[in-house]
Amino acid sequence: MFVDQVKVYVKAGDGGNGIVAFRREIYVPMGGPAGGDGGNGGDVIFEVDEGLNTLMDFRYQRHFKAKRGENGMGKGMHGKNADPLVLSVPPGTSVRDVNSGEVIADLIEHKQRAVIAKGGRGGRGNIRFASPRNPAPEIAENGEPGIDRDIQIELKLIADVGLVGFPSVGKSTLLSTVSAARPKIADYHFTTLSPNLGVVDTADQRSFVLADLPGLIEGAHEGVGLGHQFLRHVERTRVILHVLDMASTEGRDPYEDFVTINKELEQYDPTLLERPMIIIANKMDLPEAEEQLSFFKEQLEEDYPIYPISTVTKEGIRDLLFAVANKLDQIPKNYKPIEENEDRVVYKFEKEEKAFSITREPDGAFVLYGDKIEKLFKMTDFSRDESVQRFSRQLRGMGVDDALRDRGAKGGDTVRLLDYEFEFME
């Protein structure tokens, strides 16, 4: 089964907790703090495997979680970092965040990697909080939560040449004729429901990958007939072969078919029409095909190369394959680079998110929420008084107290943060 689009949930590993410990050795009184840091959580990483050509592995398993880091240990020992969770994807995979719409990665080359969700940092042990004022702190951090997100994974096939055209014009038959691919072929529309790839070898030892894309119909750019799912596979092809039924076996005019499909390609992505296009006049073995071809050439306004063929008699196919191979030799690979491959770091301004927000519930309680304040909450060890006092100081430094007063909070009012509830004190 061919799967080219799937939505999954990924969760990177949380960092391990730092611990509170003290050095206890004979003849070493007041040995000082010795709690080690927690290990870092595992990242969720996608890696390209050129042996894959479908997202089938993501069809039944939709949740992926990396392991958390180990907790810190005594004698200042650091917890072990968790191994990353590496998931294999086929070349041509793009990953998008469902909520923000941001493109996280566009994976093209074999062994190319991208971190989809970053693991959390390990919490600091009490050895890190020692200071001249507090040489024996009983305070340690919990591990930082790993990033979790819903992502949309799309596969845009990487083929040199794409076959486009209305349903039942002979695209699948052509692919099965020129390659070892065996797509399903039958005399009804949308026999092909998923793209098929075939490797074509020419007589002069050149080869290229040909993609048979499911038939397009009018309105495909708006999603009619699953148009979006088909059209995105055209994006990465270097040459477009436009297949036409020159015998009009279904009563349609070949020129109108040509104009309609080109319009759909243009409305989906205007740059598609800038690519080299070769017109294949198919079914030339049938009566009236020659007459239709002459009429088609008269109507054609632009100078496209036209190759009359018959997939039944195989006439004209050899010349067509040579023409396609010659055209591929003339144009560079990666016709439309989607991602810059240069090894460089790009620093860009990212607007800092608001640290916290306040709202009220029907029972009058004030509710604090926001990524930054919730992360701070999760990294606090509430079983230790010094940690709670530190958390209070951090909230005060963020301006939470003043913001609550501005919202009308008074001494004794209830304040909630996630599942924790505390009392506001003046």
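View 1. At 10% relative accessibility, serine 172 counts as buried (buried means under 20% relative accessible area, with a 1.4 Å probe and protein chains only). This is a predicted model, where local features need pLDDT of at least 70, side-chain atom pairs count only at pLDDT 80 or more, and totals for chains, interfaces and linings use all residues. Residues are numbered from 1 along each chain as its sequence is written, and side-chain values use heavy atoms, leaving out hydrogens and water. Serine 172 belongs to helix H2, residues 171-178 (helices are DSSP runs of at least four residues, strands of at least two, numbered from the N terminus). In the unreviewed UniProt entry, the annotation "binding site" covers Ser172 and Thr192; such annotations may be inferred rather than shown by experiment.

**View 2. An open sheet of three strands.** Here the strand order is E4-E2-E7, with mixed pairing (two strands pair if DSSP finds at least two bridges between them). E4 (85-89) and E7 (113-117) each have a single partner strand, so one side of each lacks a neighbour in the sheet. On average, neighbouring strands are turned by 30° against each other, direction ignored.

**View 3. Strands E2 and E7 together.** E2 (residues 44-48) and E7 run antiparallel, joined by four bridges. Look for glutamate 47, which stands opposite arginine 113 in E7.

**View 4. Confidence along the protein.** Mean pLDDT (the predictor's confidence in each residue, from 0 to 100) is 84, and 87% of residues reach 70 or more. Confidence is lowest in helix H3 (residues 227-231), at a mean of 65, and highest in strand E3 (residues 63-65), at 95.

Key:
Buried means under 20% relative accessible area, exposed over 50%, partly exposed in between (1.4 Å probe, protein chains only). Axes are lines fitted to C-alpha atoms, for helices over the stretch in contact, and angles run from 0 to 180 degrees between N-to-C directions.
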